[in-house]
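Here is a quick tour of a structure for someone who likes to see the cut-offs spelled out. Have the viewer open as you read.

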Amino acid sequence: MKRFIRTIWRWFVSWNVGLFSALISLLAFRLPFFISFLIGASIGVMYSLYMKKKEKKNLLYDFKDERLKDAKKKVRKIGKSLWRIRSVAMFSKLSRLYSICQKIIEIVEKQPDRLAVAQPFFNTTLDSIVTIIDKYIYLTKQPVKSEEIRQAIHEAEEALSLALTKAENELLDMLEEDLFDLKTEVKLVKHTIASEDPLSLPTKHTVTITEEKKHEQKR
């Protein structure tokens, strides 16, 4: 329904823009009716295409913003769950996982184009991490534990360890472009410095002495 309303609105605005342009061409510039009509129709169509392109861009921005908000919400859940972890080793792992997830979100916020790279991690891995942590905390707080529960807790700890490795690899993938840019800049600077042929120190010293002798002879 919203899409239909946006389409009607786009047609209405572009029609009026085209009509106004045709009237300006006809009355102000005294152009023939047919030419004025073509000008108005062309401007109306171009404005409609411009509005459609802008609309798609806004929808894409809203989509990215919504996905990022959802990811930040999940990461906040990980952060809040840290204080309910009883195991020191798991607290350390989840703290690192939380820090890495925050860094991934920080990169995406600064460079929204990288959301496409992080999207699979946000959609699947992050959901699984939050679910596993909730179940893990719930089971570890039970006063009585069967062998089956202990096995489930152990498997959850292994899964979270794998999730930490996955998050580390995800962050490395996102930093790969920055690493490539840095290496390129370093190579460029090295090449620029190596291609220069600055005057060596002994030569400079010789030139300075020669200039001083010439100055004394003039005196």
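## The largest cavity

Two helices, α2 (33-81) and α4, each give at least two residues to the lining of the largest cavity. Helices here are DSSP runs of H or I with at least four residues, strands are E runs of at least two, and numbering goes from the N terminus. The biggest share of that lining, 4 residues, belongs to α4. The lining is made up of Lys77, Ile78, Ser81, Ile129, Val130, Ile133 and Asp134. By class that gives 4 nonpolar, 1 polar and 2 charged residues; Ala, Val, Leu, Ile, Met, Phe, Trp, Tyr, Cys and Pro count as nonpolar, Asp, Glu, Lys and Arg as charged, and the others, Gly among them, as polar.

The space inside the largest cavity is about 40 Å³, and the structure holds 1 cavity of 30 Å³ or more. For the bookkeeping: on a 1 Å grid over the protein atoms alone, a cavity is a set of points where a 1.4 Å probe fits but cannot get out, while a pocket is an open set with protein on both sides within 12 Å along at least five of seven lines; lining residues have an atom within 4 Å of a point. Grid points are joined across faces, edges and corners, and a volume is the space filled by probe spheres set on the points.

## What you are looking at

This is a predicted model, where local features need pLDDT of at least 70 and side-chain atom pairs count only at pLDDT 80 or more, but totals for chains, interfaces and linings use all residues. Residues are numbered from 1 along each chain as its sequence is written, and side-chain values use heavy atoms, with hydrogens and water left out.

The chain comes to 6 helices and 0 strands, so to speak a plain α-α-α-α-α-α pattern along the sequence. Of its 219 residues, 26% count as buried, where buried means under 20% relative accessible area, exposed over 50% and partly exposed in between (1.4 Å probe, protein chains only).

## The largest pocket

The largest pocket has a volume of about 290 Å³. It is lined by 14 residues, and the closest to its centre are Trp15, Gly18, Phe37, Gly40 and Ala41. Both α1 (2-28) and α2 supply at least two residues each to this lining. Its classes split into 9 nonpolar and 5 polar, with no charged residues.

## Two kinked helices

Helix α4 (residues 115-140) has 26 residues and spans 35 Å from its first C-alpha to its last, close to the 38 Å expected at 1.5 Å a residue. The expected span is 1.5 Å times one less than the number of residues. A kink of about 35° sits in α4, centred on phenylalanine 122; the bend at a residue is the angle between axes fitted to the seven residues ending there and the seven starting there.

Helix α5 (residues 147-195) runs for 49 residues and reaches 70 Å between its end C-alphas, close to an expected 72 Å. There is a kink of about 35° in α5 too, centred on leucine 175. Buried residues in α5 include Ile153, Ala156, Leu160, Leu164, Leu171 and Met174.

## Loops worth a click

Arginine 30 lies in the loop between α1 and α2. Its phi is near 60°, a positive value in a residue other than glycine. Most residues other than glycine have a negative phi. Arginine 30 counts as exposed because its relative accessibility is 71%.

In the loop between α2 and α3 (88-110) you find tryptophan 83, exposed at 72% relative accessibility. Leucine 82 sits in the loop between α2 and α3 as well, but leucine 82 is buried, at 6%. The C-alpha atoms of tryptophan 83 and serine 95 are 10.0 Å apart in space, and the two residues are 12 apart in sequence.

## A tilted tyrosine pair

The structure holds 4 aromatic pairs. One of them joins tyrosine 47 and tyrosine 50, tilted, at 5.9 Å centre to centre with 45° between the planes. Rings of Phe, Tyr and Trp (its six-membered ring) pair if their centres lie within 6.5 Å; planes under 30 degrees apart count as stacked, over 60 as edge-to-face and the rest as tilted.

Tyrosine 47 and tyrosine 50 are separated by about one helical turn because they are 3 residues apart in helix α2. Tyrosine 47 is partly exposed at 32% relative accessibility, and tyrosine 50 is partly exposed at 48%.
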